[in-house]
Each structure stands twice: as structure tokens, then as C-alpha cells.
Amino acid sequence: QGKSLSLICGALSWLRDFEEKKKQEEARLLALEHNGQEEKKLLTSDESLQKGTSDDPGHPDRKSSAREPDWITAFVQKKEEREMVDRLKEEQIRRKNREDRLEKIRHNVQLKYAAKRKRSEEDETKRLLRLSKEVLSDGGGADVLEQLDHNEEELILAEYESDEEKKVVPGLEEDDDVEEEHVTKIYYCSRTHSQLSQFVHEVQKSPFGKDTRLVSLGSRQNLCVNEEVRRLGALQLINDRCMEMQKNKHEKKNDGEETEGKKRRVSRTICPFYAYEQMQFLRDEVLVEVKDIEQLVALGKETKACPYYGSRYAIPAAQLVVLPYQMLLHEATRSAAGVSLKDQVVIIDEAHNLIDTITCIHSAEVSGAQLCCAHSQLLQYMERYRKRLKAKNLMYIKQILYLLQQFVSVLGGNVNQNPNSQAVSQTGTVLKSINDFLFQSQIDNINLFKVQRYCEKSLISRKLFGFVERYGAPTVVKTSKENQKLTGLQNFLLSLQQGSDKEGALQSLPVETESDQLRSASPLMQIEGFLSALTNANQDGRVILNKQGTVGQSSLKFLLLNPAVHFAKVVKECRAVIIAGGTMQPVADFREQLLSCAGVDPARIVEFSCGHVIPPENILPIILCTGPSNQQLEFTYQTRDLPQMMDETGRILCNVCNVVPGGVVCFFPSYEYEKQVYAHWEKTGLLTRLATKKKIFQEPKKANQVEQVLVEYAKCIKRCSHVGGQMTGALLFSVVGGKMSEGINFSDDLGRCVIMVGMPYPNIKSPELQEKMTWLDKTMPRAAGQAPSRVLIENLCMKAVNQSRRAIRHQRDFASILLLDHRYARPAIFNKLPQWIKERTQVKPAFGSAFAELRK
């Protein structure tokens with residue numbers, strides 16, 4: 001919180017100075033323009049007096065006029081300045097109107113209640129009209145059947161317009177502020193909505209809290225106030241449903257132009273919160289007072305306005321925009337949100353995992369089961385509505401079906417058979433370039449850009465999900481003249497199998513396990529992300545074919561190798577980018593893999609690091625090289641499984657728990673090793689000895705159990721500190737990179753000692769990591785004689801170590817840090833510790849001296 005407050009106070013102070021200087025510059029240019037008009041009048045009178053002499057062929061000015069008159073040169077030189085002055089005048093008018101409007105809202109409280117009263121009256125009118133319609137329609141059984149038919153019309157894809165036949169899509173024509181010019185602003189982004197809320201609360205407490213125009217952006221999942229849409233659960237389903245309801249509104253507006261006697265065929269749902277006047281009111285409220293996401297949602301429910309779109313309308317006039325990583329780093333999401341980075345300032349906080357975040361956002365994976373399921377659903381959809389679909393819709397649907405068929409074929413399967421019963425002949429992992437994968441799949445002749453755009457514009461995944469929801473899990477339509485319905489996916493697949501495979505009947509799919517997955521998200525949505533990933537440049541990514549026991553268990557994954565290709569669009573547009581974090585070391589990854597590869601001039605890159613607020617005596621970092629029995633500590637893959645190594649680690653823990661009060665947190669490099677060590681200690685009786693001093697807790701694998709474990713851990717420590725006795729606190733076994741290594745604060749007695757067992761190197765046998773290492777060795781220069789791949793491995797290890805030290809959380813906090821491995825003392829590793837820890841770290845070859853320091 002202190003870091004965030006320092007960041008924003010400095011940034012907002014700069015922004016205030018920048019705006020003041022901008023106003024002064026505007027005043028200076030306008031004054032110059034005024035003086036220029038006065039000079040122009042004097043020059044005009046002088047020219048009229050000299051006109052007679054200049055007409056003389058023998059006059060000396062005659063020769064210069066043949067080249068270029070001075071007044072034309074002056075005109076050309078001042079043209080840009082006059083245009084800039086005109087723009088400044090327009091900006092002044094816009095700014096004055098904006099400030100007047102905000103001032104009026106700020107001081108006129110009655111406006112709020114008048115608008116609220118007006119909305120209540122409108123809602124009551126709508127309710128009475130709805131009741132009257134229901135009374136009139138009572139007793140009409142035929143009408144009910146007709147309404148069901150009408151609802152099915154929502155599943156039909158609208159006529160699709162390709163790029164060559166673009167026509168204007170009806171939008172918010174009444175919104176005059178959509179084209180409003182963006183003022184200079186700061187975009188602040190972090191990982192989670194909870195971190196953004198904490199940041200907004202710090203802004204509210206800062207000296208700038210009352211004068212700052214702040215807007216909090218978020219996903220529909222966090223900001224939607226329409227309960228019907230929120231119930232869908234999955235983010236992609238919420239997005240598609242919201243977009244469809246907007247489209248329904250615009251289509252309904254156009255349907256009003258039909259003849260009066262014509263019968264309406266379609267009855268579509270429209271979101272009651274998506275109303276222009278209400279969202280404009282919410283926008284003004286947001287700009288007047290700083291609100292976090294929770295307050296924004298409450299305001300949306302009160303005003304019956306959509307917070308998701310209302311907050312976006314406030315972006316142009318805002319000075320500070322708070323948003324999550326994905327909304328800033330993903331270009332399509334950024335564009336859809338109305339975020340303009342041109343000449344703006346961007347602050348990326350908690351950026352220690354920025355490279356991994358960009359890689360994750362632009363990577364995608366689909367399983368064989370998802371591919372087969374999506375093919376089956378889409379084929380059923382096409383067969384049922386074939387006569388209702390336009391030619392272009394059919395063309396694109398057939399292309400998607402062909403793509404799904406070829407993807408399954410590459411995995412060694414057949415879309416017409418049960419993916420869970422098709423065994424894969426050759427298991428293993430194969431990596432291919434994008435072009436090689438397209439050629440092997442025989443889809444290189446299909447324009448994936450157009451297919452991707454069709455999926456986005458047509459909302460086909462939403463239509464397909466609605467189709468599956470309507471007909472069960474899923475109910476399938478047999479292609480016959482009567483359109484007779486069959487129940488279950490198995491019957492449909494069986495009919496296909498009988499036509500193409502004569503060797504035997506098809507086994508049934510485990511519908512009870514598949515149906516839950518289908519209802520949470522349509523598999524086609526996942527596949528759309530994979531298709532989008534395949535449009536990356538060939539050199540920037542790889543396709544991983546992961547063939548396991550069956551086709552259903554196998555998968556296709558796109559791995560992004562060059563995150564800079566997407567980050568470059570951010571840094572090129574911005575005035576400045578600040579990449580900040582509590583622990584950024586080692587920073588070489590950011591400089592080389594992100595900024596240099598993005599084409600940033602090295603002269604523009606400035607590094608700044610500051611010390612910690614605690615005094616030197618409040619932290620004791622120790623690199624321990626040997627244990628109590630002089631066993632050298634080296635937790636490599638070859639030695640860490642040895643019984644004597646696990647026994648030595650246990651003896652160290654017993655000694656530490658005897659002298660350290662409160663909580664002790666012990667980090668292991670992986671869940672598997674933690675489980676192995678725990679079982680060994682349980683067998684040897686060491687856990688029993690540990691339990692006499694500290695109650696033992698283990699990090700759970702399920703995320704929903706983390707909070708409960710932490711609460712019990714804290715309660716135990718607090719109880720022991722008050723009661724006293726033999727038990728002095730608690731011991732928590734955690735995992736590096738797990739759920740408790742990031743974002744969890746072990747402040748005060750929760751973490752008086754943090755122990756790191758070994759060095760958490762990543763699994764270098766991973767195909768993804770091996771491909772990343774190969775790519776780095778080919779594209780990056782060697783640093784200090786080390787191969788880039790080796791530097792990557794060390795950096796990944798030390799980033800994980802640095803993020804696991806979360807025991808020092810405020811100025812008066814204190815703790816010890818034990819690094820159990822002699823390799824931490826190597827200069828290449830030691831120099832990658834945070835500066836404030838490195839300068840206080842002691843290297844102890846023997847356990848005795850380290851234990852004496854710990855006791856003191």
C-alpha cells in the first residue's frame with residue numbers, strides 16, 4: 001500500500017503540473033496569435049502604400065518576387081501554428097464545458113434525486129403496461145406455443161457481412177461524447193480486482209482524493225448488474241449474452257420501421273440497464289467522486305444503469321483509469337474498452353510476472369474432447385437450421401467444421417467416434433511451427449483471419465450454447481423431413497458411426513461428466529481462442545501436439561515465445577511506461593525480452609530501485625551451506641531424495657522451531673517434494689518432535705481451502721502467544737509458486753522465520769521450457785559469457801525465491817530468512833537477490849554460527 005501510494009502521489013503530482021504547464025502554453029500561444037493579428041493589419045496597410053513601386057519592372061523587389069514573395073513564406077511558416085491555435089481553442093471550449101458539467105453535478109444534489117424519481121416513475125409505468133399485457137394474454141394456450149417458437153428465432157445467426165460488404169452497424173448514434181478527445185491521463189493496472197480496490201482506497205485517502213477524476217474498469221463478470229446475465233457464470237458466456245442483448249436493442253429499433261399490420265416474428269430480450277440516459281448519469285457520478293468497483297456496482301443497481309458501459313463512457317474525461325492486466329495488455333480487449341494509449345502514461349504494478357502474464361494471455365489450449373464435442377454440436381446446429389441460414393453463414397460453419405475435423409485428425413482421431421474410446425497409437429509431445437502445423441493439418445488454404453472475425457461478429461458460440469441449453473445435454477436433431485428430435489448426444493454420434501464405420505457400434509459418452517463442462521462454457525469458445533492464436537507470426541510461437549492415452553485426453557496448445565511482439569504496441573503509443581513491483585529482481589528479463597525486443601531505445605530505459613523502510617537489524621538473511629551434522633546442503637534432483645538429506649533438513653527445522661517464536665513458514669520447491677519429505681518425516685517420527693513446539697499446517701492444493709488454513713494458522717499463533725506453555729506457535733509447509741507464495745502476507749508473528757529448502761529451478765524437461773530456451777539462444781545475445789537459456793533458468797528460480805519472502809510487511813516488522821543450499825552463495829545467484837536483502841545477507845559455512853545468530 002505504501003508503494004502504491006508513493007506511485008500515485010508522484011504520478012498525480014506530475015499530472016497536475018503537466019496540466020498547469022499545458023494551460024500556460026495555451027495562453028502563451030493564444031496571446032501570440034492575438035498579437036499576430038494586430039501585426040497583420042499593419043503589414044496590410046504598408047503593402048497598399050508600396051504596391052505602385054513594386055509593379056515597376058525595374059524595381060529591386062521584382063527579382064525576389066520571381067523567386068517567392070516573403071509574405072507567402074511567412075504564411076506557410078505560420079500555417080501549422082494557426083491550426084494548432086484553433087485546436088487549442090476547441091480544446092478550451094470542451095474543457096470548460098466538461099468542468100462546468102462536473103461542477104454542476106457536484107453542487108446540485110437535487111439533480112440526483114430528480115433523475116432517480118423520474119426513473120422510478122418510468123419503471124412503474126413499464127410494470128403496469130406489462131401487467132396489462134399479461135391480463136390480456138391469459139388463457140391463450142396457442143400463444144404460449146407460438147412464443148416458444150419465437151424464442152427459438154434467437155438461435156438463428158443473423159446475415160453476415162464480410163469485409164468487402166461492410167455496412168454501418170447501428171450503434172449509439174445519440175451519444176455525442178463517444179468521439180470526445182482523451183485528456184492526458186494515467187492508466188494504472190495490476191493483477192486482480194482486489195488489488196485494484198486496495199489501490200483506489202489509497203487514492204481516496206491521499207491528498208488528491210477529492211480532486212481526481214478516477215474511473216475503475218473491470219470485466220462484465222465483476223460489473224454486470226443484470227442477474228439474468230450474471231447467472232450464466234462463465235465470463236465468455238456473460239460477454240456473448242451481453243453483446244447479443246445490445247444487438248437485440250438495435251434490431252428492435254430498426255423493426256419499428258415495419259408496416260403496422262405486419263406480424264412481429266421475433267421476440268428478443270433487451271437489457272433494461274443498457275439505457276443511454278441512465279448510463280450518462282452514472283458516468284457523471286463516477287467522474288465527480290472516486291469509486292472502487294464495489295461502489296460502482298452499488299451505484300449501477302441504484303441508478304438502474306450498466307456500470308460496465310457507464311464507466312467506459314467516463315474514460316475520455318478521466319485523469320486516472322484503474323484496470324486489470326488483461327484489459328491493458330490484450331489489444332482487442334483494449335480497443336473494445338475504448339482505452340486509448342496515445343501519448344498517455346501507463347503504470348504496470350505487481351509486474352514481477354509481467355512476461356508470464358503476456359504469454360498466458362496470448363496462449364491457448366484445446367483438448368480432443370472439446371474439439372469432438374464442438375464438431376458434434378455445430379453439425380447438429382447446421383442440420384437443424386440449414387434452411388434458415390444464409391449462404392455465407394453456411395460457408396463459414398462448414399469451414400469451422402472442417403477445421404475441427406482436421407485438428408482431431410492431427411491428434412490421430414476421428415470426429416465421428418467417441419474421443420474417450422479412441423486410443424492414440426503414438427503418445428508423446430511434438431512441437432511444430434505455426435506454418436508446419438497448418439500444412440500438416442491441411443488448413444493452409446483457409447483464411448483464419450476471416451474465420452476468427454466471423455466468430456467474433458456473428459456470436460456463433462453464444463448461439464450454439466443457447467442451442468445446447470435448449471435441447472438438453474445436448475438434445476440432437478435428426479436430419480429428416482419431420483425434424484424428429486432424438487435425445488442425447490450418443491444417438492446422434494451413433495447414427496454418424498453407422499454411416500461411416502461398419503465394424504461395430506459406438507460406445508456411449510460419459511454424459512454425466514461432460515454435461516457440467518458444457519453448461520459452464522461452450523467448447524467452441526475455447527477453440528476460438530486457439531484459432532486467434534494461430535494468426536500470430538510464424539516465428540513468434542509454436543504449436544504443441546500433446547498426444548496422451550486417448551484422443552479425448554490429447555490436446556493442442558499454442559505457446560507464445562515472443563511476448564514483446566504484443567507489448568511493443570503498448571510502449572510505442574505511450575508517453576511513458578512505468579513497470580513497478582515490490583520485487584523486480586532480476587530485471588534483465590524485462591530489459592531484454594520485453595523492452596529491447598519491442599524496439600525501445602536503450603536511452604529511454606531508466607532503472608530505479610530504493611531500499612527498504614526497516615532498519616538493518618530487523619532482518620537476518622542467512623545462506624546456510626551445511627546442516628547440524630555437517631551434511632552439505634545441495635538440493636539437486638540427484639541428491640534431494642536421499643534419506644540423509646531429508647533427515648538433515650528435519651534437524652534444521654527442529655532447531656529453528658526451538659528458538660523462533662510465533663510462526664515459521666517453510667517453502668519447498670514443489671508439491672511432490674513436500675509430500676515426499678512429509679511422508680519421510682512422519683515415518684521417522686520427526687513430525688512428532690516438531691509438533692511438540694509448533695502445530696503443523698500444510699498448504700492445500702484447492703484454492704477455496706487456502707483461506708481456512710490461513711485463518712486456523714493465525715488463530716493457533718495468537719492462542720499460543722497469549723496462553724504460553726510448551727507450544728510456541730505454528731509451522732506452515734508451503735510450496736514455491738503455490739497459492740501462498742504470492743499475495744499472502746506473513747506479517748508480524750505470522751512469519752518470524754521463512755525457510756527456503758533448496759533452489760526452485762523449473763523443470764527443464766518441460767517441452768514448453770525447452771522450446772523457450774532454444775528460441776532465446778537463437779534470438780538473444782550472450783550475457784557475461786552465459787547462454788540466454790541458462791540465464792532464463794536462473795532468473796525463473798530467483799524470481800520465485802524473491803516472491804516467497806513475504807515476512808517483512810511494515811516498518812517495525814522483523815524476521816529471519818534461511819536459504820538452505822550452498823549454491824545461493826555463488827556470485828551469479830547471490831547478485832540476483834533483492835538489494836535490501838543482499839546487503840544484509842550472511843553466508844554461513846557451518847550450522848553452529850548460523851544458529852547462534854538466529855538465537856540472538
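**Sheet.** I looked up the open sheet first. Four strands make it up, in the order β5-β10-β9-β6, with antiparallel pairing. I took strands (E, at least two residues) and helices (H or I, at least four) as DSSP runs, numbered from the N terminus. Two strands pair if DSSP finds at least two bridges between them. The edges are β5 (364-367) and β6 (428-433), each pairing on one side only. Neighbouring strands are turned by 20° against each other on average, direction ignored. Axes are lines fitted to C-alpha atoms, for helices over the stretch in contact; angles run from 0 to 180 degrees between N-to-C directions.

The model is predicted: local features need pLDDT of at least 70, side-chain atom pairs count only at pLDDT 80 or more, and totals for chains, interfaces and linings use all residues. Residues are numbered from 1 along each chain as its sequence is written, and side-chain values use heavy atoms, without hydrogens and water.

**β5 and β10.** I found four bridges joining β5 to β10 (residues 555-560). S367 has S555 as its bridge partner in β10.

**Helices on the sheet.** Helix α23 (residues 523-533) touches β5, β9 (541-547) and β10, and its direction makes about 130° with that of β5. Helix α30 (residues 767-779) touches β6, β9 and β10, at about 35° to β6. Contact means heavy atoms within 4.5 Å.

**N536.** I then checked the loop between α23 and β9, where N536 is found. N536 is buried, with a relative accessible area of 15%. Buried means under 20%, exposed over 50%, partly exposed in between (1.4 Å probe, protein chains only). Beyond neighbours within four places in sequence, N536 contacts I434, F558, L560 and H566.
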